[in-house]
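Please look over the structure below before reading on. The briefing then goes through it topic by topic.

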Amino acid sequence: MKKQKSFIFKCSGCGHEEARWLGRCPECGEWNTLIETAVNAAAGRAGGQRFGAAGRGLPQSLPLSAVNPQEGGRLSSGIGELDRVLGGGIMKRSAVLVGGEPGIGKSTLLLQAAAAAETRGRILYISGEESAGQVRLRADRLGLAGSSVEKIEIVCTGSLEEIETILNAVKPVLIMVDSAQTLFSADAGSVPGTVNQMKFCAFELIAWVKEHDAALFLVAHVTKEGLIAGPKALEHMVDTVLYFEQNDKAAGLSGTQECRFLRAAKNRFGSVDEIGIFTMGERGLQTVEDTSLLFLVRREGELPAGVATAAVLEGTRTILVEIQALTIPAKGAVSRVFSDKIDSARVSRVAAALEKHLGLRLSDQDLYVNVAGGIRITEVGVELALAGALYSARTGLALPAGMVIAGELSLTGEIRPVRRLAARIKTARSLGFTGFLGPAPEAVESAAVAASAPELKIAGDIKAAVKLIYGKGR
Ligand code: TYD
Ligand code: MG
């Protein structure tokens, strides 16, 4: 018997439906996202509704106060650093996008999480890129064996229709899709492999997990050029976006040579400040919990000029990082800033404040700034240490070894309080640093800091800071 079919146009971005084709979705404003979609008359409406909605009545609202706040709940991925970035575990009914360049370790992370996840439910690993044999080999290489892999089901396909059938049969609680770029559906019209295909399929899978109290991880390959066309298009559909990135293979670090950072770019269920830190070894990704020495350079005796140690916050962690600066006379007519790890606008601003308030000529110099260990620092508390490194680079005067710096530098040259000063001082002390230069503590912390941190030198402005660093007379 032939099924009765009719067609509607559905936005692959937001799911909005129109009876006729439009160039632009009236709901989300995206262009060229309306896709002709078959409506199966028997299943009611198309798209995100087709999995479970058939047979249910009209949608109903309910009082907000009647909603169970525990709805969903979390399950641990079994990987501490992943849980940390997710905001305390995998949220049920959520969709997580894991982006990163090829080879960074996305498949490895998902496989390890599938094996370690603390759930009794079934886990479905959907691979559109590797064969089941390859995934099995990797699992063996990772030393994942016995009961941890028994709960993992694997299927190698990119076809949404096949995946739907399997989902409804297996009813997994955790679904890994590797990768979003391999998904396709006959219902999404146009050519397989397009952004619209990917968005359509992702939309359907997200709808499935919301309805079935499961959680979804979607891998997305990101290349430096391809950022916009591909996974960016999925970002607004998912609850959490994680990006996996790698530092430079900086030599001379006292900690591990090479590490990978997992950062949340968006998180509906937690902070985006947390980072997860991993190293890739023989047995896959290892979590790095003690990061205290990872971003410091092992040195004996005096520091070279241009180096300052900063105490910065990364989410709930305090880390010490070495800031390195180099100034050389500008090669061109305009001086330039070369800084990947600290925002160049921030470097320019700090340099301008130094020039204005200390009379230190930097505007005719090219400024190079780096952070040891290759970690990107976005926290404002790095500014005073950055000022110290630039000052030291320009004047050739090394900072005292053993001094850690934190503080925000305003354009007026004043040093502003930073959050959690006491924690920063504590970390510095625990690593054997004997001096700490910073702002006056915030009111809530002042008593605690005064009582416990005799080594704190308080600087009210950048002039005072330079005096405190180099002693009298400058
Ligand atoms: P992979 O997870 O395949 O990356 P992605 O899915 O992001 O493309 O990881 C690829 C790299 O990790 C590859 O270069 C090999 C390396 N690797 C190890 O060093 N050790 C291991 O145990 C595994 C599984 C991978
Ligand atoms: Mg992969």
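Helices (H or I, at least four residues) and strands (E, at least two) are taken as DSSP runs and numbered from the N terminus. On that numbering, Gly 73 falls in the loop between β3 (34-40) and β4. The model is predicted. The protein has 12 helices and 23 strands.

**Overall**

- The protein has 474 residues, and 50% of them count as buried.
- Take the contacts between residues at least 6 apart in sequence: 70% of these join residues at least 24 apart.
- The count of disulfides is zero.
- Cys 201 has a relative accessible area of 0%, so Cys 201 is buried. Cys 259 stands at 1%, and therefore also counts as buried.

**Helix packing: α8 and α9**

- Two packed helices are described by the angle between their axes and the distance between the axes.
- Helix α8 spans residues 344-358 and helix α9 spans residues 383-395. Their angle is about 65°, and the axes lie 10 Å apart.
- The crossing of α8 and α9 is right-handed.
- On the α8 side, the contact is made by Arg 346, Val 347, Arg 349, Val 350, Ala 351, Leu 354 and Leu 358. On the α9 side, Glu 383, Leu 386, Ala 387, Leu 390 and Tyr 391 take part.
- What is the make-up of the contact of α8 with α9 by class? It has nine nonpolar residues, three charged ones and no polar ones.

- Gly 73 is in contact with Ile 90, Met 91 and Lys 92, leaving aside neighbours within four places in sequence.
- Gly 73 and Ile 90 are 17 residues apart along the chain, and their C-alpha atoms are separated by 8.3 Å.
- Ser 77 sits in the loop between β4 (74-75) and α1 (80-86).
- Is Ser 77 buried or exposed? Its relative accessible area is 0%, which is under 20%, so Ser 77 is buried.
- The side chains of Ser 77 and Asp 83 are joined by a polar contact of 2.7 Å.
- With neighbours within four places in sequence left aside, Ser 77 touches Leu 82, Asp 83, Ile 90, Ala 113, Ala 116 and Ala 117.

**Gly 460**

- Gly 460 is found in the loop between β23 (456-458) and α12 (462-470).
- Gly 460 has 48% relative accessibility, so it counts as partly exposed.
- Which residues does Gly 460 contact, leaving aside its neighbours within four places in sequence? They are Glu 414 and Ile 415.
- Gly 460 and Glu 414 are 46 residues apart in sequence, yet 6.0 Å apart in space, C-alpha to C-alpha.

**Backbone geometry**

- The peptide bond from Asp 178 to Ser 179 is cis, with omega near 10°.
- Ser 179 lies in the loop between β9 (174-178) and α6 (195-212).
- Arg 93 is not a glycine, but its phi is positive, near 65°. Arg 93 belongs to the loop between β5 (90-91) and β6 (95-100).
- The relative accessibility of Arg 93 is 28%, so Arg 93 counts as partly exposed.
- Asp 213, also not a glycine, has a positive phi of about 60°. Asp 213 lies in the loop between α6 and β10 (215-221).
- Asp 213 counts as partly exposed, because its relative accessibility is 28%.

Conventions
Residues are numbered from 1 along each chain as its sequence is written. Chains are lettered from A and ligands numbered from 1 in the order in which they are written. This is a predicted model: local features need pLDDT of at least 70, side-chain atom pairs count only at pLDDT 80 or more; totals for chains, interfaces and linings use all residues. Side-chain values use heavy atoms; hydrogens and water are left out. Axes are lines fitted to C-alpha atoms, for helices over the stretch in contact, and angles run from 0 to 180 degrees between N-to-C directions. A crossing is left-handed if the near helix is turned anticlockwise from the far one by less than a right angle, and right-handed if clockwise. Contact means heavy atoms within 4.5 Å. Ala, Val, Leu, Ile, Met, Phe, Trp, Tyr, Cys and Pro count as nonpolar, Asp, Glu, Lys and Arg as charged, and the others, Gly among them, as polar. A disulfide is a pair of cysteine sulfur atoms within 2.5 Å. Buried means under 20% relative accessible area, exposed over 50%, partly exposed in between (1.4 Å probe, protein chains only). A polar contact is a pair of N or O atoms within 3.5 Å; within protein, one must be able to donate a hydrogen and the other to accept it, and residues adjacent in sequence count only if both atoms are side-chain atoms.
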